[in-house]
Amino acid sequence: MYRYDEFDHTLVRERVAQFSGQVKRRLAGEMTEDQFKPLRLMNGLYLQLHAYMLRVAVPYGTLSGKQMHMLAHIARKYDKGYGHFTTRQNIQYNWPKLDEVPAILEDLASVEMHAIQTSGNCIRNVTSDQYAGAAAGEIDDPRIWSEIIRQWSTFHPEFTYLPRKFKFAVAGMREDRAAIRFHDIGIELVKGVDGKVAFDIYAGGGQGRTPMIAPLIGTAVPADDLIAYVESILRVYNMNGRRDNLYKARIKILVHAIGAEEMKRQVEEEFSHAKNDPNLTLPAAEIARIRTYFEAPAFETLPDISDAFEKEKTENKRFADWVHTNVATHKMPGYAIANISLKPIGGVAGDASADQMDVVADLTNEFSFDEVRVTHEQNLTLPHVRKQDLFTLWQKLDATSLGDANLALITDHIVCPGLDYCALANARSIPISQEIAERFEDLDRQHNIGELKIKISGCINACGHHHAGHIGILGVDKKGTEFYQVSLGGSADETPSVGEIVGPAFTEDKIADAIETIVETYLGVRIGGERFLDTYRRIGKEPFKEKLYVTN
Amino acid sequence: MSLIRNGSIVDNDWVNVGDDETLPADVPVFVSLTRWLAERETLMGRNTPIGVTLSSSEAPEAIIDDLDRIQVIALQFPTFKDGRGYSYARLLRERYGFEGEIRASGDVLYDQWFAMSRCGVDAFEVPEGTTIEAFNEAMTEFSLVYQATGDGRQTVMQLRHRS
Amino acid sequence: MAQHTNKRATTQAVTANRLIDGEVVYFTKAGDWSEKLTDAVVADGKEDCAALFAHAEPAVAALLVVEPYLFEVADEDGTLVPASVREKIRMAGPTIRLDLGKQAVSA
């Protein structure tokens, strides 16, 4: 993974000093809250329902064991012993104190981490595929290009005060685990005409109040032109995005208003100048330098079948269940990708205690070449585990409630913090997730249902990605009471779709029943090995609507 | 409001003239883009420096042919959160080759000066009471930059690969 | 926050977050800020509420609090309580972690 050189270190240190200065000036009354707010947001510091909230950047979701230990330390020292992993692969702390944030940032800087640009109307964390460098079929490691974009976007002097936030996601292959089509810019690595790495660049995707799937703007853009191309998109957006209405200020609104063709024309016009700008050309030496950080670890030569692993599966059903859902195929024989569920039944989706983080940190070091990833679905991934180590790994995970065998099953939810934490929320989301998870707790039942992604948001801002849920749930406030609106058929992968609202919202005490009804309807009509999403795409929402809103 | 130009606090003898006001003689004046486009010949004939104020929704392409006749372009920042002027400044400097003064006016605060200067702004209308020490501090908060702009600063990438 | 203020509310108190640590606080009769809603001063009717807010607002410039706002309160068997779900949660703490927030202190 990427390691800071002296230059990266210096910039982060200077940023910490800058923010410390800003906090001092704020506390001395030299700055109003209105002047301070955009600055603290650009250092990841929100004011939420109960307290401040600090969002720490985890560039393209990648962490070392040492970094994970530091995240645990911060949870213990400055917060209340836990953190929350987010849909942008970052981590959030819910109880920091303003005057302690500079110290937190210094601790983070000591392990090459920061909270730079994790909020504010600027370019945010670049997210990517949690299986990068591990899954077969990658065109190239997407994190190389994510790191290049990260550096280019950090403290970019032209794009610090955009109309609104700006989010990048990069996928290394057609299979999309990074939800690129729902991002402001989504990038898919492809092979260019010359057989070299190139980029299909989508722009104008997003969820929120107006979900949109990003159209293709740049086709097979050569690697050398990446920065010139994205700079062109950002300039067009910075100059033309709406500034009069916060809810219509994202690039998706601009693309929708002028149309993809016109957007492409404006970007290409700008790009015709930018591509010849030597300032925007990536030197081959720099690409090569960054590439070295993402070289494959020293894999052993192993047989693909591990007898010990096979035996352990037959002897331990719980382990076999976990392998069935949580372990994915690695490109190297004898290795596996191990997914850690942060969705234990009865827990809070995406949360991890400081103790759990420390356990994961040690396992990262011991079993995964010191690398762990955060996924946008709020789980963790150990990318490079020897099959022969999986059982020991799982036992240690299980001992700290991280061994749930529910990846991508009906109890593996994306959930925003909701009204329990968030100042923007209209309804609670976490308890709904817990209720549904408890209802479907039985693992055999979960396996029978198969892949079913429920995504839950507590307000229209859709931080829980409900538009992209196979089942999406949106909490709304109707005259002071929390109601839950259900949508079906959303998807964030390479077959993106926005879910369709199925009918009137449900009360809290009816929502779990509604999910049961939906599941039973699906099970009653599915053909062959259809997943829920496949069945929905075949039959549409009517059969579900009928069963949900039976009139007596 | 004070004026900082090229790193010093200077007197501001420029006058902002409204669209319907008579142009005062013998003083440098700013006019709006609208007025410039309507009265360019008259304005170009003045014996004192002339400046055009671009609002945050007025991209500099509109005056691209007159850049060598305008001494100062003022970019309006109605709120510091409106970042369009940063793009306008870069276009003026790096694409259109404007060699006159680019002045940031409006809500122009400490934490924006450095980024503005990197984009080509070389004069700032700053809050009254701003010291040159504060200005210099803001300008030196970062000793390194990742991105190349027209300011000629060596980037981190260039430093990494200098042979 | 303005978006969560009930425009039709009559009986209101003022709340904010403390600048230094983000703690939820309530404006009191003494003119200071308490962590307990039961210490809050209550106003009735549009004019009174506006006056109350005007009294509380200087705490922003005094660097004590950020983003103060009026919110609806009610009387529940003699105890002052928030009227909305949101303010109830804000007063107590996350409903899914009863060991966190003010609710943990009073438990």
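**Helix packing, cores and chain contacts**

In this predicted model, helix H14 of chain A passes helix H16 of chain A in a right-handed crossing. H14(A) covers residues 430-439 and H16(A) residues 508-525; the two pack at an angle of about 45°, with their axes 10 Å apart. On the H14(A) side, the meeting residues are Ile432(A), Glu435(A), Ile436(A) and Arg439(A). Facing them in H16(A) are Glu508(A), Ile511(A), Ala512(A), Ile515(A) and Glu516(A). By class, this contact has 5 nonpolar and 4 charged residues, and no polar ones.

The largest nonpolar core has 135 residues. Those that touch the most other members are Leu54(A), Ala338(A), Met357(A), Val360(A), Leu390(A) and Ile473(A). Beyond its neighbours within four places in sequence, Met357(A) is in contact with Met68(A), Leu71(A), Ala72(A), Ala75(A), Gly83(A) and Ala352(A). Another core, of 98 residues, lies apart from the largest one and includes Ile148(A), Ala179(A), Ile70(B) and Met116(B).

As for the chains, 2 pairs touch, and the pair with the most contacts is A and B. There, 31 residues of chain A are in contact with 28 residues of chain B. On the chain A side, the elements that give two or more residues are helices H1 (6-27), H2 (33-41), H5 (142-153), H6 (226-240) and H9 (284-293). H1(A) supplies the largest share, 6 residues. This side of chain A has 12 nonpolar, 12 polar and 7 charged residues. Chains B and C do not touch, and their nearest C-alpha atoms are 19 Å apart.

How values were computed. Residues numbered from 1 in each chain as written. Chains lettered and ligands numbered in written order. Predicted model: local features only at pLDDT ≥ 70, side-chain atom pairs only at ≥ 80, totals over all residues. Core = buried A, V, L, I, M, F, W, Y, C linked by C-beta atoms within 7 Å. Buried ≥ 20, exposed ≤ 12 C-beta atoms within 10 Å, placed from the backbone. Contact = placed C-beta atoms within 7 Å. Helix = DSSP H or I, 4+ residues; strand = E, 2+ residues; numbered from the N terminus. Nonpolar A, V, L, I, M, F, W, Y, C, P; charged D, E, K, R; others polar. Axes fitted to C-alpha atoms, helices over the stretch in contact; angles between N-to-C directions. Left-handed = near helix turned anticlockwise from the far one by under 90°.
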